[in-house]
Each structure stands twice: as C-alpha cells, then as structure tokens.
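Subject: Structure handover

Hello,

The structure is below, followed by notes on what was found in it. Please read them side by side.

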Amino acid sequence: MRQTTYETNTLVQDRAVLVSLITPEIRRGSADPEHSLQELVNLAETAGVDVAATVTQHRDAPDSKWFVGKGKVEELKAIGDERGANTFIFDQELSGAQVRNLEEALDAKIIDRTQLILDIFAQRAKTREGIIQVELAQLSYLLPRLSGQGRNLSRLGGGIGTRGPGETKLETDRRHIRERIADLKRQLSDVVRHRKLHRERRRKNGVVQVALVGYTNAGKSTLLRELTSADVLVENRLFATLDPTSRMLTLPSGKEVLLTDTVGFIQNLPHDLVAAFRATLEEVNEADLLLHVIDCSSPMREEQMRVVGSILSELGAADKPQLTIFNKKDLCGGAGAASFGLLPSDSDTMLISAYDAEDLARLRQKIQDKLAGDTRTFALPAERGDLIALAYRIGEVVDRETAGDKLLLKVELNKQDFEVLGGPLHEYLEQRP
Ligand SMILES: Nc1nc2c(ncn2[C@@H]2O[C@H](COP(=O)(O)OP(=O)(O)O)[C@@H](O)[C@H]2O)c(=O)[nH]1
Ligand SMILES: [Mg+2]
C-alpha cells in the first residue's frame, strides 16, 4: 500500500438544487421571480456552489410548515437524490421551523437567499470593518431563527451557509449572541473612527488598482478572467498568494495593474444587509479607476445604473475616474452604440463583449489611457529634497532637468492623487505657455 505524506482534502463541494416559490403576492412584489432565480444561480456560483438543478413552484401562498407544498418536498427529495445534491437553496426567506422541517425531510443542508448572500459577503470581507459588519448581519439574521439549529449545523459541517461565525458560537444561547452583537457594535464604532487613517495608507505597494463594479450578472467576473487569462502563468509565479478575486492585468505598455472583482449589486437586497454589503465594497475606496460594467441586454439597465451611481456617491467614490462599460453587446440584437447614448470613441463609455478579443484589446488600451492621467511640470528648488521625493511618490517622473537653481520635473499623475496628496506641490506647478 502506498503511503501518502499529504492529507486528503475533506472539503465537500456543495452541490445544490435551487428552489423558487412563486405566489401572487411574490409576483406583485418588486422582483421579477424568473429574474430573481437567474440571479440566485449566479450568486450560488459566486459562492462556489455547483448548481445541480433549478425548480419552481406556483402556489397561492407559502406552506407554513414546508414553505413549498408537501408533494413538492417529495419531488425535491427525488431530484436531490438523482442529481447527488447535498444542499437546497431557496430564493425566498424561510422561517426557523421551515428550515428544520425541510432539513429533516430532505436530509440536506437548507439555505435561503439571505444566508447565501451573507455567505458570499463572509468570503469576500477582508478589512476588519468588513468582517465585523458581515458577522453582525449573520448573527442578527440567525438570532430569531436560532432554536434547534445547533444539531444541524454540527451535523452538516462546513461549506456554504456556515462560514463566518463558527459553529460553537451558533450553539451558544441567545444571550451570548446578543452580547456578541453588542461587542461587535462597539468594535465597529472604533474601526469606523480609525478608517480615515487607513485610507490614507492606500498607496501601500505603489500598485495601481482598478475595481470592477456593477450588478450581478453584468459580466464582471468574466471580464476579470478574460482580461487576465494570458497573464495567469506570470501571476501564479509572482502572486501565488493573491486573493482569487484580484489578478494582475498587463496593459499594452507592459505596465501591470491590479484588477479586482467586487461582489456586485444584488436586486432587492434585504435592508439589514446593506451595511454588510457596503463593507465588502472596500476595494472601491482603494481603487484608482472604476470599471462600471452593465449588462446592456438587461431590461433593468437604467435603474441598475442609477442604483450603482448612488451607492458610489454614498461611498464617497463618485468622483473617481470611471469607465462605463456596456457588456454583452452580442445579446443586444445589433443595437448600435447610439442606442445607449454613447459618445464618440474618445469618451469614457464603451460597448463590448467580454468574449471579443478585439473589444478586450480596446478596453486594455482605454484603461491605460484613463490611468495615464496628465503630465505636469514642477519647478522645484533643488534643495527641497522633501518635495522632490513627494513628486516621485505620487506620480511617475518621466523627465528631469536642471534650470539654474531649480529642478524641472515632468510628472505623469492622476488628478485625484495630485489633489489629495500633492498639497505642497501646488505652488510649484509650472504654468504652461
Ligand atoms: N453573451 C454574453 N454573455 C456574457 C458576456 N459576458 C458575460 N456573459 C455571461 O453572463 C453571465 C454572468 O457573468 P459573470 O461574469 O458571472 O457576471 P458577474 O455577476 O457580474 O460577475 C455568465 O453566464 C457569462 O458567461 C458577453 O459579453 N456576452
Ligand atoms: Mg461575479
């Protein structure tokens, strides 16, 4: 028998059946249920779940005990067995009792839409603020649904729906959870107070950062993959520890920038999750450039763009350099750029397909142009080493010459950096004739 020196990977891949209940009331609500189920598929895939099937049921009202009808539960059991599913994800929120009944009947992990979203946030949160916000949202969601969950959580082990607060925490009683929530809130107010300080250290590695934002299903992850696939080898070698949602992107000039995927906006995000969601958008605050990706074939396009715009404003990121990218042009029935109100090619708006090599080349060029910023010349007193160092820090010095007792530095920098960090340099700006 062969001996192995490594441990086998015991992580079970989640394989799930996605279930949506459609009632007249749900139909009247703001979300189109078919669209919502499509989004649930995308969210499940984002969470690393293998989607085995999707099932829809129409009923007059949810069943208080089983959520779907009893007959449907049997049908779900059969589908789950046949497709080898170990998880069922429901597109609507379930009560604690419904979760327990379904777990019992289907002998599988039961997750609802909110838990799935929280699980994705838990995977993505990186800063202390993000991690605290997500745990707060998870505990607040679990608290009223708590009784009886302990057994199931310990039985089912890890995987989606169980990340974040550890199972021991979930097994403690409600009082402990309330104390934990109070404690997290205190920590959060500390973190928020220090947040500004952290932001100012954002240029930590001197790596230029570009963030993809937009609704789920717009094509952000596809773009990240397609734009950087040629660089994978390099990346594996140099950035093996890089977060999977970030990759190095090589621009036409050969310069490398860090391209980061974000969770993406979600239709009808439950109100309690908004704070946690924002905390997962922290890359946006660190980015030098935002790529706002839009699915041009979505009937909700305009509304989605407005929502993205207003959240960016609330994050204080509305003034960041931004490219607006209408993606999936192949699905827009040959609608030309004009139908999106696109301006000529020198504007900050593009119509592309993430699978079109020429479009990707155009996009890389556009990112490069947008990042290049302006070139400015500073006439600095030669003895002011501090100012010279500052100029080198905030931009790229492309030319340097001496004129009498002055040093003329030609610096390529973006407007934002110059305004935020370049304070003392302003008075040495050469006025171009
Ligand atoms: N037809 C078409 N499909 C696309 C295009 N870009 C992305 N998609 C598809 O749209 C779906 C959602 O893409 P994804 O990158 O996961 O979106 P995200 O939620 O914004 O990350 C996937 O099925 C992609 O294959 C495109 O340019 N054309
Ligand atoms: Mg994605």
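How far does a polar side-chain atom of S353 lie from an oxygen atom of ligand 1? The distance is 3.0 Å, a polar contact (a pair of N or O atoms within 3.5 Å). T222 also has a polar side-chain atom facing a ligand 1 oxygen, at 2.5 Å, and for N42 the corresponding distance is 3.3 Å. On its own, ligand 1 exposes 590 Å², and 77% of that is buried by the protein (Shrake-Rupley accessible area, 1.4 Å probe).

This is a predicted model, in which local features need pLDDT of at least 70 and side-chain atom pairs pLDDT 80 or more, while totals for chains, interfaces and linings use all residues. Residues are numbered from 1 along each chain as written, chains are lettered from A and ligands numbered from 1 in written order, and side-chain values use heavy atoms, without hydrogens and water.

Around ligand 1 there are 16 residues, with N217, K220, T222, D330 and Y355 the closest (a heavy atom within 4 Å). Helix α10 (residues 220-228) gives the largest share of this shell, 3 residues (helices are DSSP runs, H or I, of at least four residues).

α10 also gives the largest share of the lining of the second largest pocket, 5 residues. That lining has 23 residues, with E45, T46, R124, S221 and D261 nearest the centre of the pocket (an open set of points on a 1 Å grid where a 1.4 Å probe fits, with protein on both sides within 12 Å along at least five of seven lines; lining residues have an atom within 4 Å of a point).

Regards

Technical notes:
Polar contact = N/O pair within 3.5 Å; in protein donor to acceptor, adjacent residues only side chain to side chain. Helix = DSSP H or I, 4+ residues; strand = E, 2+ residues; numbered from the N terminus.
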